[in-house]
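Please study the sequence and the model displayed below before reading on. The paragraphs that follow proceed from the whole chain to its domains and then to individual residues.

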Amino acid sequence: MEIIKPGINFDFIGRRYLGYGISALLLIASLLTLVINAGPNFGIDFVGGTIVQVQFDRKVKIADVKTGLDQIGLGGSAVQRFGAAEHNEFLIRTNDPLSTGDDFSEHISSALSASTDAAPEIRRVEMVGPQVGETLREKALFALFYALLFITIYISGRFEMKWMLSAATAGALIGAVYLFSLFNVSIPFLILVALIVSLVLFYQLHLRFAMGATVALIHDVTITVGVFTLLGKEFSLPIVAALLTIIGYSLNDTIIVFDRIRENLRRHNRSSLEGNINRSINETLSRTILTSATTLMVLLCLFFLGGDIIHDFALAMIIGVVIGTYSSVFVASPMLLFMAGGAAPPQRTAASEAA
C-alpha cells in the first residue's frame, strides 16, 4: 500500500537547516528544563520511598487527606489525585521507606477515615528502599547507554562493513568507561563522557552511518525526557522501558532509510550524495508515514483508554514515535551529508537531478 505518489520528490535535504534549527530549539529547551528541575522527576523506583493508592467512597478534599496524614506523622507526604475525578482516588507519596506491614494499612485507613468522614480503601502500598532505588537508577542508565552503544556499533558494521573498527570502538569505549570509573565519578557523568568519546571516535574513524544513528538516538531520548520533565511526569521503570522501546523504534525507522540510501548509492553511483539521500527518503516516505500513523493509533488508544497505570508509558511512546520519525528524516540522514563534508556542488543538487 502506498499513500505517496511514486516519483514524488520532496526536497527534505534542502530544508535540513530548518530541521537543524527545530532540533536545536527542542534540545536547548529540554536541557534547560532538566537543569532548572535538577534532572527528571524520579519516582520511588529510583529514589526510594513509599507510595499508597487510596480510594474513597465519596468526594473528599486533598486538604482533609493531608490533615489525616499529618495526624500519623506523614504530614510531609505529597498527595495528588489519581485517575478521573469521579473515582475519588489519590496517590500518597513519602520520601521515606516506611514499614508496610499489616498494621500500616489499618493505621493509615483509620486516620483518613477520621479526617475525611469517608470510607477509604487502601488499594496499593509499595515501598522501595533508598539503596535499591539507587541501584535501579544506575542499572537503568547503563541499560540506555549500552543499548545506544551496541546498536551503533552494529550499524557501522552492517552498513559500512567495518567490523574491525566497530570492535576497536567498543574496546575503546569499555576502556574509557573503566578508566573514569576508577575516579568514582557519578554514573550520569560517566555515561556523558562515554557518549562524547563515542561521537569523537565515530567522527575520527569516519563511521558516518553510526554517527547519524547515534546523534538521532541521543536527540530522541533527550527530547522525550525533556518533555516528560517539563510536564512534571514521574520518571519510573516503565518510562525507562518506554525509552528503550523508543530507541528500538527510532533505530528501525533509521535503518529503513539507511538501507535505501546504501542501495541508491550503488545503483546511482554517479548521482550526488545529497540527491541519493533525498531520493531514499522520498522512496521510503510512504512506509514511514504508514508505520508511524498505525503505531500512533495504537498508542493513542492506550493513552485514552488504557487506564492510569499505562497512561504515562503511552505518553512517552507517543512523544518518542513522533520525534523518532522526525529524526530519521531530518537528523540521521542529513548527518551522512555532514560527515561527507557538507552539501554537494550546486549543479548536483536534488532539485537539479529531479529536473
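A residue is called buried when its relative accessible area is under 20%, exposed when it is over 50%, and partly exposed in between, using a 1.4 Å probe and protein chains only. The model is predicted, so local features need pLDDT of at least 70 and side-chain atom pairs count only at pLDDT 80 or more, while totals for chains, interfaces and linings use all residues. Residues are numbered from 1 along each chain as its sequence is written, and side-chain values use heavy atoms, with hydrogens and water left out.

The protein chain has 355 residues, of which 45% are buried. Its secondary structure comprises 13 helices and six strands; helices (H or I, at least four residues) and strands (E, at least two) are DSSP runs, numbered from the N terminus. Along the principal axes, the C-alpha atoms fill a box of roughly 80 × 50 × 30 Å. The chain exposes about 17,700 Å², and carbon and sulfur atoms supply 63% of this area. Accessible areas come from the Shrake-Rupley method with a 1.4 Å probe, and for residues only the protein chains shown count as cover.

The chain is assigned two parts: domain 1 (13-42 + 132-341) and domain 2 (49-128). These bounds come from an automatic or database domain assignment. The centres of the domains, taken over C-alpha atoms, are separated by 40 Å. Five residues of domain 1 are in contact with five residues of domain 2, contact meaning heavy atoms within 4.5 Å. The size of an interface is often given as the accessible area lost when the parts come together. For domain 1 and domain 2, the buried area is about 380 Å², with 62% of it on carbon and sulfur atoms; this is the accessible area (1.4 Å probe) that two parts lose on being put together, summed over both.

Which charged side chains meet across this interface? The rule finds one salt bridge there, a salt bridge being a side-chain nitrogen of Lys or Arg within 4 Å of a carboxyl oxygen of Asp or Glu. The side chains of Glu234 and Arg93 meet in a salt bridge, at 2.6 Å from N to O. Arg93 lies in strand 4 and Glu234 in strand 6 (residues 234-235), so the pair ties together parts that are 141 residues apart in sequence. Arg93 counts as buried, at 18% relative accessibility.

A search of the whole structure finds ten salt bridges. One of them joins Glu274 and Arg16, whose closest N and O atoms are 4.0 Å apart. This pair links distant parts of the chain, with Glu274 in helix 10 (residues 273-283) and Arg16 in helix 1, 258 residues apart. Glu274 is buried at 6% relative accessibility, and Arg16 is buried with a relative accessible area of 6%. Elsewhere, Arg260, Glu263, Arg267 and Glu283 are linked in a network of salt bridges.

Ala38 has a phi of about 55 degrees and is found in the loop between helix 1 (16-36) and strand 1 (41-42). Ala38 is exposed, with a relative accessible area of 71%. Asp117 has a phi near 60 degrees and lies in the loop between helix 4 (102-116) and strand 5 (120-128). At 62% relative accessibility, Asp117 counts as exposed.
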